[in-house]
Amino acid sequence: MLFRKKKPVIDRKTPQEGDASKIDETNAILASLADPILVLDSERVVKYANQAAMDLFGRVLVGRNIVQCIRQPHVVDAVEQVFQTQETWVGDASFPAPVERHLTLHVALIAEGEGVSITVRDTTLEKRTEEMHSDFVANVSHELRSPLSALVGFIETLQGAAQNDPDARERFLGIMIQEANRMARLIDDLLSLSRVQIQEHVVPDDSVDVGLVLQNVTDILALKANDRQMELILNYEAKDCMVAGDSDQMTQVFQNLLDNAIKYGKPATPVEITTRYVDRLPHQNVPGVLVEIRDHGDGIDEEHLPRLTERFYRVDKARSRTLGGTGLGLAIVKHIIARHRGRLNIESKTGEGSTFSVLLPIKL
Ligand code: ADP
């Protein structure tokens with residue numbers, strides 16, 4: 001919150017010919033502004049409100065006292081102070097309902113004794129971005145701290161109590177390598193995520209054969225599937241479908257999805273990977289490829305589905321950790337698909353398994 005000395009923007013003057021048309025013109029300019037603006041007379045009554053202000057504070061503003069329009073005592077006090085001191089006030093206000101909004105208000109004297117203008121900037125998005133950023137930093141620190149604490153704990157034990165115990169040493173070193181690998185995976189995933197986010201606005205111009213990528217990914221993960229007696233069944237209906245894409249990133253998408261299907265699928269059940277040509281993508285008027293990865297695991301409760309692609313969101317944190325997850329895989333998938341102007345759909349039924357579908361535009 002801050003007060004600044006400011007000269008009145010309009011000087012008081014005697015009415016002259018042409019003033020009416022000037023007022024009309026001023027009103028038209030104010031009406032066209034995207035940001036809300038209110039003008040109060042010396043009685044603190046709204047004498048002008050543009051459309052954006054009416055959308056924000058309510059339809060009927062003109063003729064009402066400011067106290068009835070902005071129910072925030074500190075803003076009303078600030079308006080009063082601007083009238084008294086003639087200094088401009090800039091401050092924040094939060095409106096909890098119907099959706100929480102953060103606003104920055106700028107209250108300035110128009111002309112001594114004539115009124116004040118209140119201009120408003122919606123800073124909700126900036127505030128949310130700031131909050132998300134600090135949540136993200138807190139999450140990353142937390143995720144790195146737990147394997148690090150485990151490592152420090154084991155090092156201290158090895159230096160002390162377990163110094164002369166070869167069995168304990170062997171066991172602890174095994175756990176330590178797992179924890180160190182977890183930190184390495186986390187850092188790799190964080191780097192991937194930030195790289196993808198930086199490039200997200202640049203549509204890749206290379207061509208990628210989705211069928212070939214799926215074949216490679218299936219080969220890479222066949223051993224892992226085999227360890228769980230799972231079969232990876234690849235059905236090409238669109239073997240030669242070329243999409244405009246980055247081959248490494250496409251590999252990353254399908255590797256993450258297939259890896260999850262193996263991790264969260266039930267042992268000894270198949271994972272089916274199907275590709276299909278689509279004449280027209282639902283979100284774009286272009287043909288595309290649909291890739292479906294279907295597992296027969298426990299499935300995911302409906303309430304979790306909308307949040308699954310958030311960074312570090314895991315249905316069962318302990319289970320994800322035990323399986324070597326970082327909680328970033330689906331966030332990476334989402335951003336890569338967005339970069340490719342595609343879509344990710346997730347369907348799941350508890351107890352029946354999940355289907356992750358990727359829609360990608362064909363390279364024309
Ligand atoms: P993680 O590294 O934990 O696997 P992801 O971002 O890949 O992170 O996935 C986020 C969460 O989504 C997982 O922790 C898991 O709870 C859930 N999930 C992802 N894929 C599946 C799947 N095929 N079946 C059931 N749950 C899944």
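Glu179 has its place in helix α6, which covers residues 166-199, where helices (DSSP runs of H or I with at least four residues) and strands (runs of E with at least two) are numbered from the N terminus. This is a predicted model, in which local features need pLDDT of at least 70 and side-chain atom pairs count only at pLDDT 80 or more, while totals for chains, interfaces and linings use all residues. Residues are numbered from 1 along each chain as its sequence is written, and side-chain values use heavy atoms, with hydrogens and water left out.

With a relative accessibility of 15%, Glu179 counts as buried, a word that means under 20% relative accessible area, whereas exposed means over 50% and partly exposed lies in between, for a 1.4 Å probe and protein chains only. Apart from neighbours within four places in sequence, Glu179 is in contact with Pro147, Ala150 and Leu151, contact being heavy atoms within 4.5 Å.

Another buried residue is His335, with a relative accessible area of 13%, and His335 is found in helix α10. Between His335 and Ser194 there are 141 residues in sequence, yet their C-alpha atoms are 9.7 Å apart in space. Once neighbours within four places in sequence are left aside, His335 is in contact with Leu193, Val196, Gln197 and Glu200. The side chains of His335 and Glu200 also make a polar contact at 2.6 Å, which is a pair of N or O atoms within 3.5 Å; within protein, one must be able to donate a hydrogen and the other to accept it, and residues adjacent in sequence count only if both atoms are side-chain atoms.

Helix α8 packs against two other helices, as the table sets out. Axes are lines fitted to C-alpha atoms, for helices over the stretch in contact, and angles run from 0 to 180 degrees between N-to-C directions. A crossing is left-handed if the near helix is turned anticlockwise from the far one by less than a right angle, and right-handed if clockwise.

| Pair | Angle | Axes | Crossing |
|---|---|---|---|
| α7 (residues 210-227) and α8 (residues 247-264) | about 35 degrees | 9 Å apart | right-handed |
| α8 and α10 (residues 329-339) | roughly 145 degrees | within 9 Å | left-handed |

In the contact of α8 with α10, the residues from α8 include Gln249, Met250 and Val253, and those from α10 include Leu330, Ile332 and Val333. By class, this contact of α8 with α10 has eight nonpolar, five polar and one charged residue, where Ala, Val, Leu, Ile, Met, Phe, Trp, Tyr, Cys and Pro count as nonpolar, Asp, Glu, Lys and Arg as charged, and the others, Gly among them, as polar.

On the α7 side, Val210, Val213 and Leu214 are among the residues that meet α8, whose own residues in the contact include Met250, Phe254 and Leu258. The contact of α7 with α8 divides into 11 nonpolar, three polar and three charged residues. Among the buried residues of α8 are Met250, Phe254 and Leu258.

Two loop residues complete the picture. Gln86, in the loop between α4 (73-85) and β4 (87-95), has a positive phi of about 65 degrees although it is not a glycine, and Gln86 is partly exposed at 29% relative accessible area. Arg341, in the loop between α10 and β12 (343-349), has a positive phi near 55 degrees and is partly exposed at 32%.
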